[in-house]
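Here is a short report on strands and how they pair. Look at the sequence and the model first, then read on.

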Amino acid sequence: MGSLPTHSMIRSVAVDPLNPQRVYAAGPAGLFRSDDGGLTWETANDGLKGEPLAVTLDPASPQTVVAVLTDGSVWRSADGATTWPAVEAGK
Amino acid sequence: MMLHRSTKLAILFVGAWLLAACASAAPAQPADPLAASSGQPDLAGPSVPREIGPSESVALAYDPADGSLLKADRDGLFRWRADSGWQAIDTPHTYGLSGVVINPDQPTTMYASGPELGVLRSDDGGATWRVINNGLPSLDVTALALHSFRRETLYVWLRDEGIYRTEDGGLSWKRVPDQGPPDTDVRSLTHSTLPGSMNTGRLYAATPTGAYLSMDCF
C-alpha cells in the first residue's frame with residue numbers, strides 16, 4: 001500500500017456506491033485507489049499514459065472506472081482501475 | 001500509526017475533516033503525457049490540450065443510460081461518446097462550469113454548476129435548463145455533489161461561504177453547519193456512505209493540498 005503524495009493536488013474523487021471503502025482520486029500526480037475509505041492509497045495507473053484530469057465510475061457497475069486526461073483522451077478500466085487497456089478516444 | 005490516531009481524534013470532534021492521505025513518498029508517475037496523444041484522433045475542439053488553471057474545477061459524470069460521459073470545465077459542458085468524441089452541450093451559461101452530476105435512476109435529470117452561475121437543473125437530458133439558486137447567498141459554486149442514494153439531495157461548495165445542501169432537488173438550499181476542509185479551495189465534492197457518519201454519509205473534498213474526508217453528518 002502506498003499513499004497519496006503529501007500535499008498533492010487532487011482534482012477529482014469518485015466513490016464506489018456499492019463498496020464505499022473503495023475510493024479513487026485523480027490529480028497531476030496520477031490516479032490512486034483506496035480500499036479503506038482513503039486511509040491508505042495505491043497507485044492505479046497501470047497502462048494509463050498521461051496526466052489525469054478527473055475520474056468517475058459507472059454507478060451500476062462500479063468496476064467500470066473512467067478517467068479523462070489533460071489531453072482530452074478518455075480511458076476506461078473494466079477492473080476497478082487495476083488495468084487501463086487502451087485509450088478509447090479523444091476528440 | 002499517526003493517521004489512525006488522527007482518525008479517532010477527528011471522529012470525536014464532529015465537523016472535523018481528515019486529510020485522506022498518508023505522509024510518505026510520492027509514487028512513480030507516467031512521465032510522458034504526450035504518449036497518450038500519439039496516434040490518437042485529432043484533439044481539436046473543446047478538449048484541446050491546455051494548462052489547467054490554478055483554481056479550476058473539472059467534473060465528470062457517467063451516464064448509465066448509454067455509457068456516455070459528461071464533463072464540466074472552464075469551457076462549458078460536454079458529452080463524450082465513443083463514436084463521436086466530445087460534443088458541446090448548450091447551457092444558459094456556456095463557460096466556466098465547475099460541476100455536473102446525473103441522477104443514475106433517472107439519467108435525463110442532471111445538474112450543472114459554476115462560479116458566477118450557481119446551479120442549473122435539466123430534466124430532459126440537457127435540452128433545457130433552469131436556474132435553481134433559491135437560498136444560495138452567492139453564485140460562486142466551485143463544486144457539486146449528488147447524494148449516494150437520495151436523488152433529490154445535492155451539495156455545493158460556495159467559495160468563501162461553505163457547504164450548502166438541498167433536499168428537494170434544488171427548490172431550496174440551506175447552509176450545512178460544517179466549516180469545511182482546512183483547504184477551502186475545494187475543486188470537487190463527492191458523497192460517500194462510508195460507515196461512521198451519524199447521518200447518511202460523508203463528503204470527500206478535492207483540493208490543491210489533497211483529498212479531505214468530512215466527519216460531519218451529511
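Predicted model: local features only at pLDDT ≥ 70, side-chain atom pairs only at ≥ 80, totals over all residues.

A residue counts as buried when 20 or more other C-beta atoms lie within 10 Å of its own. Five of the five residues of strand 7 (residues 110-114) of chain B pass that test, so the strand is largely enclosed by the rest of the structure.

Which strands pair with strand 7 of chain B? Strand 6 (residues 99-102) of chain B is one partner, and the pairing is antiparallel. Here B:Ile102 faces B:Met110. Strand 8 (residues 118-122) of chain B is another, also running antiparallel. In that pairing, B:Ser113 has B:Val119 as its bridge partner.

Strands 7 and 8 of chain B make a hairpin, with three residues between them. In the turn, B:Glu116 has a positive phi of about 65 degrees.

Chain A has an open sheet of four strands, in the order 1-2-3-4. Its pairing is antiparallel. The edges are strand 1 (12-15) and strand 4 (42-43) of chain A, and each pairs on one side only. Strand 4 of chain A pairs with strand 3 (residues 30-34) of chain A. There, A:Phe32 stands opposite A:Thr43.

The table lists bridge counts.

| Strand pair | Bridges |
|---|---|
| Strand 3 and strand 4, chain A | two bridges |
| Strand 6 and strand 7, chain B | four bridges |
| Strand 7 and strand 8, chain B | five bridges |

Conventions: Residues numbered from 1 in each chain as written. Chains lettered and ligands numbered in written order. Pairing = 2+ DSSP bridges. Buried ≥ 20, exposed ≤ 12 C-beta atoms within 10 Å, placed from the backbone.
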